[in-house]
Amino acid sequence: HAVTNQILFQRGCPYTCTFCKSPIISSKIRNNSAQNILKQLKHRYDKFGLNNFFIIDSNFTIDKQRLEEFFRLITSSELFGKINLMIQTSISIPITDEELEGLKRVGVTMYLIGVERFNDESRKLIKKPGSNDQVMALIKKLHSHGIKTIVNILINFPFETRELIESEAEYIEESLPYVSFIYINYLSPMPGTYVFKNDLKE
């Protein structure tokens, strides 16, 4: 089995999801440079023989300048063709066909998106950006480029009903031909988050 090394090159998030710690910490994004990313990946590859990495930046593709520099540095380095990368990013961040080809070229094989809910109204309630149409368009686009997709789903919100879960299950079923994995997670409210301070009182 391959050993996957998790590495963080970004702090902060511009979004204000009610269940997330990011609004508490900071909405300002602080990125490590593309040069630093390459340096850290190369260190782990050379010293420990690792070649599978999960870059756990909340929105790896949000800084387009850094993304292009990352493409340039990896393709011209000795890591080119030797590493596999998994990234995560928001469904609301536009991604072009050219950028997806760039990601695939530098070794991105997995693309994780936090859909959380397959219902537009539910997504608004938890302040999660994006729509069902955007989700379906993105996962189909990723599939067409041969990049595996992981979809995160988050349940156990106070507003849930049986009917809502059943309707969202239909969208999940519709997405199955285009995704590789669906992670269904159970909400555990963290102190300080909107969900913890407000929804638990209801």
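Author: Ala34, Gln35, Ile37, Leu38 and Leu41 in H2 meet Arg66, Glu69, Phe70, Leu73 and Ile74 in H3, where contact means heavy atoms within 4.5 Å. This is a predicted model, in which local features need pLDDT of at least 70, side-chain atom pairs count only at pLDDT 80 or more, and totals for chains, interfaces and linings use all residues. Residues are numbered from 1 along each chain as its sequence is written, and side-chain values use heavy atoms, without hydrogens and water.

Reader: Why is H2 called oblique to H3?

Author: Helix H2 (residues 34-48) and helix H3 (residues 64-75) pack at an angle of about 40°, with their axes 8 Å apart. That angle makes H2 oblique to H3, because angles under 35 degrees count as roughly parallel, over 145 as roughly antiparallel, 65 to 115 as roughly perpendicular and the rest as oblique.

Reader: What is the handedness of the crossing of H2 and H3?

Author: The crossing is right-handed: the near helix is turned clockwise from the far one by less than a right angle.

Reader: Which strand supplies the largest share of the lining of the largest pocket?

Author: Strand E6 does, with four residues; strands are DSSP runs of E, at least two residues long, and helices are runs of H or I, at least four.

Methods: Axes are lines fitted to C-alpha atoms, for helices over the stretch in contact, and angles run from 0 to 180 degrees between N-to-C directions.
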